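Thanks for coming, everyone. Please take a look at the sequence and the structure, and then I will walk you through a few parts of the fold.

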Amino acid sequence: MAAHSPSGRPAHPRAGSPEADFHRDMLAIYDLCAKAGFRPVMLRRLVLLQGGVAAARALLEQPGQTGLARLQQQGLAEASMEALILKPQYEGLFTPQERKLAATLLAARTLSRSRGRLNAVADRS
């Protein structure tokens, strides 16, 4: 969880720390989504208010708010929050259960997309 300053705002993680890198990478997801034509406003707001790690934890419990589906449609699922959580350099920031949930959400979205393509091919037959 992000440490908070006396003002109640999240304290900035120490520069160069895994938390700071994750926070930066979470904000980069919003920028990538914006370039792809959509803006996951809730993701950005939570990152700015709570910090990247706390926002990721909150969003894991709210699938559909991270832009994963839209990134998948653009062929960019590897740039999703769920994929970010699974990167080896961030392993220590999340529990095994959180990482498993991220992997499950990512795999489910990928399988769902694949099934859709297979169904579309089958419908043309």
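Let me start with helix α1, residues 18-35, which has 18 residues and reaches 25 Å from its first C-alpha to its last, close to the 26 Å expected at 1.5 Å a residue, where the expected span is 1.5 Å times one less than the number of residues. Helices here are DSSP runs of H or I with at least four residues, strands are runs of E with at least two, and both are numbered from the N terminus.

This is a predicted model, in which local features need pLDDT of at least 70, side-chain atom pairs count only at pLDDT 80 or more, and totals for chains, interfaces and linings use all residues. Residues are numbered from 1 along each chain as its sequence is written, and side-chain values use heavy atoms, with hydrogens and water left out.

Which residues of α1 are buried? They are Ala20, Phe22, His23, Asp25, Met26, Ile29, Tyr30 and Cys33, buried meaning under 20% relative accessible area with a 1.4 Å probe, protein chains only. Their cover includes α2 (41-50), α3 (52-60), α4 (68-73) and α5 (81-85). After α1 comes Gly37, with a positive phi near 105°.

For the chain as a whole, there are 6 helices and 0 strands, and buried residues make up 35% of its 125 residues.

Finally, the axes of α2 and α3, which are lines fitted to C-alpha atoms over the stretch in contact, come within 7 Å and cross at roughly 135°. Contact, meaning heavy atoms within 4.5 Å, is made here by residues including Met42 and Leu46 of α2 and Ala55 and Leu59 of α3.

Technical notes
Buried < 20%, exposed > 50% of the residue type's maximum accessible area, 1.4 Å probe, protein only. Axes fitted to C-alpha atoms, helices over the stretch in contact; angles between N-to-C directions.
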